[in-house]
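Grab your viewer and work through the exercises below.

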Amino acid sequence: MSNTEPLPDQRQYDFHQGGDPRRSRDGDGSAARRAALVIHTIADVAAVFLGLWILLYLLEANRANIFVEFVEGMADWLAWWSQDIFTMDTDGLRVLLNYGLPAVVYLLVGHGISSRVRRL
């Protein structure tokens, strides 16, 4: 090969040779896949914190424990918008619904957005 001719592996990176600049540099959409994975993971982590708080509450975990305090704080921060939507007399059911609803919403919305981004 001469010095002026690009190597076969480099042609996909040269947008001046007819490549599509809207695609990622590697041409296979891996940037979209990575973004989708990040969105998917954030939604899963949020749902895990909410589910863990529900479990700790229902099992009557020691609220003075630093781990339990941390999980409760994260769950409160994630579920600020859904606090007291349900006002039952039974505390366990109230916590289950008020923290379970945002967990389901985060999973549905996060996974939905993730699948849309992955298709880009």
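**Exercise 1.** Find where Glu60 sits, and decide whether it is buried or exposed.

*Solution.* Step one: Glu60 belongs to the loop between α1 (30–58) and α2 (66–78). The helices here are DSSP runs of H or I with at least four residues, strands are E runs of at least two, and both are numbered from the N terminus. This is a predicted model, where local features need pLDDT of at least 70, side-chain atom pairs count only at pLDDT 80 or more, and totals for chains, interfaces and linings use all residues. Residues are numbered from 1 along each chain as its sequence is written, and side-chain values use heavy atoms, with hydrogens and water left out.

Step two: Glu60 counts as exposed because its relative accessibility is 70%. The cut-offs are under 20% relative accessible area for buried, over 50% for exposed, and partly exposed in between (1.4 Å probe, protein chains only).

Step three: check the backbone. Glu60 is not a glycine, yet its phi is positive, at about 55°.

**Exercise 2.** Now look at the loop between α2 and α3 (91–118): what is the phi of Asp84?

*Solution.* Start with the place: Asp84 lies in that α2–α3 loop. Its phi is near 60°, again a positive value in a residue other than glycine. Then the surface: Asp84 has 52% relative accessibility, so it counts as exposed.

Trp80 is found in the loop between α2 and α3 too, and its 63% relative accessibility is why it counts as exposed.

**Exercise 3.** Work out how far α3 reaches and where its kink lies.

*Solution.* First the span: α3 has 28 residues and covers 40 Å from first C-alpha to last, close to the 40 Å expected at 1.5 Å a residue. That expectation is 1.5 Å times one less than the number of residues.

Next the kink: about 25° at Gly100, shortly before the proline Pro102. The bend is the angle between axes fitted to the seven residues ending there and the seven starting there.

**Exercise 4.** Track down the salt bridge: which side chains meet in it?

*Solution.* The structure holds one salt bridge, that is, a side-chain nitrogen of Lys or Arg within 4 Å of a carboxyl oxygen of Asp or Glu. The partners are Arg94 and Asp91, at 3.3 Å, N to O. Both lie in α3, three residues apart, about one turn of the helix. An α-helix has 3.6 residues a turn, so residues three or four places apart point the same way. Arg94 is partly exposed because its relative accessibility is 23%; Asp91 is partly exposed because its value is 38%.

**Exercise 5.** How far apart in space are Gly112 and His40?

*Solution.* Gly112 is found in helix α3. Along the sequence, Gly112 and His40 are 72 residues apart, but C-alpha to C-alpha the gap is 8.7 Å.
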